[in-house]
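Keep the picture open as you read.

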Amino acid sequence: MGKRWHPVWLGVGLAVAAVVGVLWVPWVFVGVTAGFATSGST
Amino acid sequence: MLSSPVWRGSPAFAFRVGLLVGGVVTALVLVVVGSLARAPLPWWVRWGLVWAVLVLVAVNELGLVAIRFPENRRLVPEGVFRLGRHLGPLQFGIEMGTGARTYLPSGLPYIAATAVLFTASLPQALLAGVGFGLGRALMTTASLNHPDDWHALWSRHTSFLTPLLSGAFLLSLLGALLTTT
């Protein structure tokens with residue numbers, strides 16, 4: 001069940017969400033994609 | 001550090017709240033400073049600066065040039081947990097959420113920060129700050145819930161994830177451009 005948290009699935013899901021959400025809340029996705037992209041830091 | 005049992009339950013929640021707070025704090029600082037810096041500049045110059053940073057990040061990531069962007073090249077010290085079971089993770093989260101406390105392995109936050117600095121209104125800056133915290137919290141949540149070494153998986157798939165997230169970021173930035181011009 002925890003496999004759904006795989007980084008590839010999350011990355012693809014985030015990209016799809018950005019495509020849909022860019023029309024309404026682009027600034028949120030500017031932040032989310034930048035924040036998630038730093039995932040190698042901890 | 002995140003695999004420790006202390007990161008289950010409410011301490012992990014406090015850490016995520018801290019990430020959101022940290023993102024908002026950075027966004028507020030940027031928009032306050034930016035409101036002064038951007039005042040004499042027309043909108044196309046402000047966005048030109050954003051795209052200039054984007055180009056610098058891109059050529060740096062592609063290895064065409066070696067640019068040292070400002071970065072706090074230190075790990076967050078263990079002493080951050082001295083405040084206790086919840087306040088410690090909260091403080092740790094705030095520091096991580098600011099994006100200014102430790103290493104930044106991606107160039108995208110520099111572009112986002114420049115966009116907020118020069119172009120965002122206060123509500124837009126807050127949305128970006130919350131988003132940044134959410135993005136970092138998503139990593140934390142995934143890492144805690146995945147049965148394998150999540151960061152090893154990330155490293156294994158980085159050649160796919162980096163262009164994917166960069167594309168999603170660029171699309172979002174274009175959307176942000178449309179909302180501010």
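Q: How many salt bridges are there between chain B and chain A?
A: The count is zero. A salt bridge is a side-chain nitrogen of Lys or Arg within 4 Å of a carboxyl oxygen of Asp or Glu, and no such pair is counted between chain B and chain A. Please remember that this is a predicted model, in which local features need pLDDT of at least 70 and side-chain atom pairs count only at pLDDT 80 or more, while totals for chains, interfaces and linings use all residues. Residues are numbered from 1 along each chain as its sequence is written, chains are lettered from A and ligands numbered from 1 in the order in which they are written, and side-chain values use heavy atoms, with hydrogens and water left out.

Q: What do chain B and chain A share, then?
A: 47 residues of chain B are in contact (heavy atoms within 4.5 Å) with 31 residues of chain A. The two chains bury about 3,400 Å² between them, and 80% of that is on carbon and sulfur atoms. Buried area here is the accessible area (1.4 Å probe) that two parts lose on being put together, summed over both.

Q: What is the mean pLDDT of chain B?
A: pLDDT is the predictor's confidence in each residue, from 0 to 100. For chain B the mean is 87, with 95% of its residues at 70 or more. Confidence is lowest in helix H3 (residues 87–98) of chain B, at a mean of 86, and highest in H4(B), at 95.

Q: Why is Thr141(B) called buried?
A: Buried means under 20% relative accessible area, exposed over 50%, and partly exposed in between (1.4 Å probe, protein chains only). Thr141(B) has 16%, so it is buried. This residue lies in helix H5 (residues 122–145) of chain B; helices (H or I, at least four residues) and strands (E, at least two) are DSSP runs, numbered from the N terminus. Not counting residues up to four places away in sequence, Thr141(B) touches Trp5(A) and Arg16(B).

Q: What makes Glu95(B) count as buried?
A: Its relative accessibility is 17%, so Glu95(B) counts as buried. Glu95(B) sits in helix H3 of chain B. Beyond four places in sequence, Glu95(B) touches Val76(B), Val80(B), Ala100(B) and Arg101(B).

Q: Which residues of H2(B) are buried, and why do they line one face?
A: They are Arg46(B), Trp47(B), Val50(B), Val53(B), Leu54(B) and Val57(B). Seen down the axis of H2(B), they fall within an arc of 110° (taken from the directions from the helix axis to the C-beta atoms), so they line one face of the helix.
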